[in-house]
Amino acid sequence: QRPALSTTTTTSSSRRSEVGSLRMRWLSASLGPAMAMATTAGSADMTTRRSPDGFVPIGFGCYRVTWRVEEHALALKEAILNGIRLIDNSANYGDGEAEELVGRVLKELEGEGKVTREDVLLVSKFGYIQGQNLKRHDGGLTFPETVDFGPHLKHCIHPEFMRDQLQRSLDRLQTTYLDVYLLHNPEYYLQSEKTDQQSGAKPADVVRARNEMLRRVEQVFEALEEEVQSGGRLQSYGISSNSFSVDESDPTFLPYQDLIERATRASIRAAERLKKAPPPSHSFSTIQLPGNLVETTGLDNAVKWAHHNHLRVLINRPLNAF
């Protein structure tokens, strides 16, 4: 879900230079200056370019796709066979049907000898309690620290929920491991705490709520580190957050500056629990955030921080903005 690089922008001549400059900054932050320059010049076939981890800078986003629609399967096959090997998914996309689609398509292509599991980087997410998960919740299967947004939506990043969702995602994807597993919008906790000024929240309330959210994030980081260090279901983990793209003054802002330190502490504690020697580094590998011609704050801030810390950056909703 990197930016769509063949986008045509229609603007008046008086604004074309401004938009062009903004687009260049967007691409540079997301893909790196060299890739942005090659793309802007229109001289590169993006499916022949590779990032340092071996993948083209465009991924296949699975929001609103399902195995029930033949065109979705055909589009995914076309993407994979033409070099797009990063697939971004989530347990709540299509209530699990997006993951089922990917699992079916990969099995078909593997059976035809056209691709192997190792050729594809699978990303998925957890956090939302909707659809099937909500029915289970309403039926009595609940998890600690669930955030209640009313009768139709809950949210949870507790380790027990993470482990439950991870296995369900693997089953739908018909694979034994994920390359990247992302917390999906953990800032929902801040929204549930009504940290906005309209709700009468004071600065101390915002600080308290953020500290509790970060405690929950570090708690699940430790469980994710255990999964990675156990050598089974996960290769790495990260966070997908709309709040990476808002200003630090926004009450829903997710502070990212100390996430590396939190991941490092979690890695050490996980090794102690597993009675293993601490690994050379944590397994926090990826952040995801919105980036487009309107939502640029994260590209100037969170993305630069991520690049400085050698994290993979995935950009979502590149062609629209709220």
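This is a predicted model: local features need pLDDT of at least 70, side-chain atom pairs count only at pLDDT 80 or more; totals for chains, interfaces and linings use all residues.
View 1. Trp305 has its place in helix 11, which covers residues 302-308. If the neighbours within four places in sequence are left aside, Trp305 is in contact with Tyr256, Gln257, Leu259, Ile260, Phe284, Ile287 and Leu311. One of these residues, Gln257, is 48 residues away from Trp305 along the chain, and yet the C-alpha atoms of the two are separated by 7.6 Å.

View 2. Strand 7 (residues 180-184) and strand 8 (residues 237-240) run parallel and are joined by four bridges. Within this pair of strands, Tyr181 stands opposite Tyr237 of strand 8, and Leu183 stands opposite Ile239 of strand 8. Strand 8 also pairs with strand 9 in the parallel sense, again over four bridges, and here Ile239 stands opposite Ile287 of strand 9. Between strand 8 and strand 9 the chain crosses through helix 9 (residues 259-273), and this β-α-β crossover is right-handed.

**View 3. The two faces of strand 8.** In a regular strand the side chains alternate between the two faces of the sheet. From strand 8, Tyr237 and Ile239 point one way, whereas Gly238 and Ser240 point the other way, and all of them are buried.

View 4. Two bridges connect strand 5 with strand 6 (residues 154-155) in the antiparallel sense, and Val147 has His155 of strand 6 as its bridge partner.

View 5. The side chains of Lys154 and Asp148 meet in a salt bridge, with 2.8 Å from N to O. Which of the two partners is buried and which is exposed? Lys154 is buried, with a relative accessible area of 7%, whereas Asp148 is exposed, with a relative accessible area of 53%. Elsewhere, salt bridges that share partners join Glu218, Glu222, Glu226, Asp258, Arg262, Arg265, Arg269 and Arg273 into one network.

View 6. Side chains of opposite charge can pair when their charged atoms come close. The structure holds 24 salt bridges, and one of them is formed by Lys125 and Asp88, whose closest N and O atoms are 3.1 Å apart. Lys125 lies in strand 3 (residues 121-126) and Asp88 in strand 2 (residues 86-88), so this pair ties together parts that are 37 residues apart in sequence. Lys125 is buried at a relative accessible area of 0%, and Asp88, at 0% relative accessibility, counts as buried too.

View 7. Glu100 and Arg104 form a salt bridge in which the closest N and O atoms are 3.8 Å apart. Both residues lie in helix 4 (residues 97-111), four residues from each other, which is about one turn of the helix. Glu100 counts as partly exposed at 21% relative accessibility, and Arg104 is partly exposed with a relative accessible area of 41%.

View 8. A disulfide is a covalent bond between the sulfur atoms of two cysteines. How many disulfides does a search of the whole structure find? The search finds zero. Among the cysteines, Cys62 is buried, with a relative accessible area of 0%, and Cys156 is buried as well, with a relative accessible area of 1%.

Definitions and conventions
Residues are numbered from 1 along each chain as its sequence is written. Side-chain values use heavy atoms; hydrogens and water are left out. Two strands pair if DSSP finds at least two bridges between them. A salt bridge is a side-chain nitrogen of Lys or Arg within 4 Å of a carboxyl oxygen of Asp or Glu. Buried means under 20% relative accessible area, exposed over 50%, partly exposed in between (1.4 Å probe, protein chains only). A disulfide is a pair of cysteine sulfur atoms within 2.5 Å. Contact means heavy atoms within 4.5 Å. A crossover is right-handed if, with the strands pointing away from the viewer, the path from the first strand over the helix to the second runs clockwise.
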